[in-house]
Amino acid sequence: MPLSTQIAYLFILAIPIACIAWTVTHEEVFREPREFCVKCSEEGKSLFRRKFFYLFTCEYCFSHYVTVFILILTDYKLIMMDWRGYIIAGFALVWIANQYMSLYGYLRIDLKKEKIIAKKEEQDLDETKP
């Protein structure tokens, strides 16, 4: 596979990795399991138990496991076509996916800020009406 195609796959495969990792670690649909994992990661008796459950609360940590799943599913390798290609691809995918999640996080903060400002302005307008 040409390097240009490998790079295109890198940026494309990082999208579902980021999507899955973000959804599991941040979105409302997984709130209850995430709260359970947070509790177990904070109150677990053993170090292994605390660290195991922490993996489901951190998008960076969780993205590594999603990446391994995607690598197995797609057989994607980067630069080298042997086992070393999996390692390079894995770390590259995690890095790109986390860049996507960072950008998404900034975008969500900006959108939330705009909604709050708009709501405040709307309330101010409602208060000035006779």
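This report walks through the fold, the core and a handful of residues of the structure above.

## Basis of the model

The model is predicted, so local features need pLDDT of at least 70 and side-chain atom pairs count only at pLDDT 80 or more, while totals for chains, interfaces and linings use all residues. Residues are numbered from 1 along each chain as its sequence is written, and side-chain values use heavy atoms, with hydrogens and water left out.

## Overall fold

Let's start with the secondary structure. The protein has 5 helices and 0 strands, and the order from the N terminus is α-α-α-α-α. Helices here are DSSP runs of H or I with at least four residues, strands are runs of E with at least two, and both are numbered from the N terminus.

The radius of gyration is 20 Å, whereas a compact globule of 130 residues would come out near 14 Å. That radius is taken over C-alpha atoms, and the globule rule is 2.2 Å times the number of residues to the power 0.38. Along the principal axes, the C-alpha trace spans about 75 × 45 × 15 Å.

## Surface, burial and charge

Of the 130 residues, 31% count as buried. Buried means under 20% relative accessible area, exposed means over 50%, and partly exposed lies in between, with a 1.4 Å probe and protein chains only. The accessible surface comes to about 9,400 Å², and carbon and sulfur atoms account for 67% of this area. These areas come from the Shrake-Rupley method with a 1.4 Å probe, and for residues only the protein chains shown count as cover.

There are 16 positive and 16 negative charges, and their mean positions are 7 Å apart. Lys and Arg count as positive and Asp and Glu as negative, with His and the chain ends not counted. Each charge is placed at NZ of Lys, CZ of Arg, CG of Asp or CD of Glu.

## The nonpolar core

The largest nonpolar core holds 20 residues, and Leu10, Ile17, Tyr76, Leu78 and Leu93 have the most contacts inside it. Helix H1 (3–26), helix H4 (59–74) and helix H5 (83–128) are the elements that give two or more residues to this core. H1 provides the largest share, with 8 residues. Such a core is a set of buried Ala, Val, Leu, Ile, Met, Phe, Trp, Tyr and Cys residues joined through side-chain atoms within 4.5 Å.

Ile96 sits in helix H5 and counts as buried because its relative accessible area is 7%. With neighbours within four places left out, Ile96 contacts Leu10, Phe11 and Ala14. Ile96 and Phe11 are 85 residues apart along the chain, yet their C-alpha atoms are separated by 6.9 Å.

Over in helix H1 is Gln6, a residue that counts as buried because its relative accessibility is 3%. Not counting residues up to four places away, Gln6 touches Met1, Tyr76, Lys77, Leu78, Ile79 and Met81.

## The loop between H4 and H5

Two residues in this loop deserve a look at their backbone. Most residues other than glycine have a negative phi. Asp75, in the loop between H4 and H5, has a positive phi of about 60 degrees although it is not a glycine. Asp75 counts as partly exposed because its relative accessible area is 42%.

Ile79 lies in the loop between H4 and H5 as well, and its phi is positive too, near 70 degrees. Ile79 counts as exposed because its relative accessible area is 54%.

## Around H3 and H4

Leu55 belongs to the loop between helix H3 (47–54) and H4. Beyond its neighbours within four places, Leu55 contacts Cys61, Phe62 and Tyr65. Leu55 and Cys37 are 18 residues apart in sequence, with 8.6 Å from C-alpha to C-alpha.

Tyr60, in helix H4, is partly exposed, with a relative accessible area of 46%. Leaving aside neighbours within four places, Tyr60 is in contact with Val94 and Asn98. For Tyr60 and Asn98, 38 residues apart in sequence, the C-alpha to C-alpha distance is 6.6 Å.

Methods
Contact = heavy atoms within 4.5 Å.
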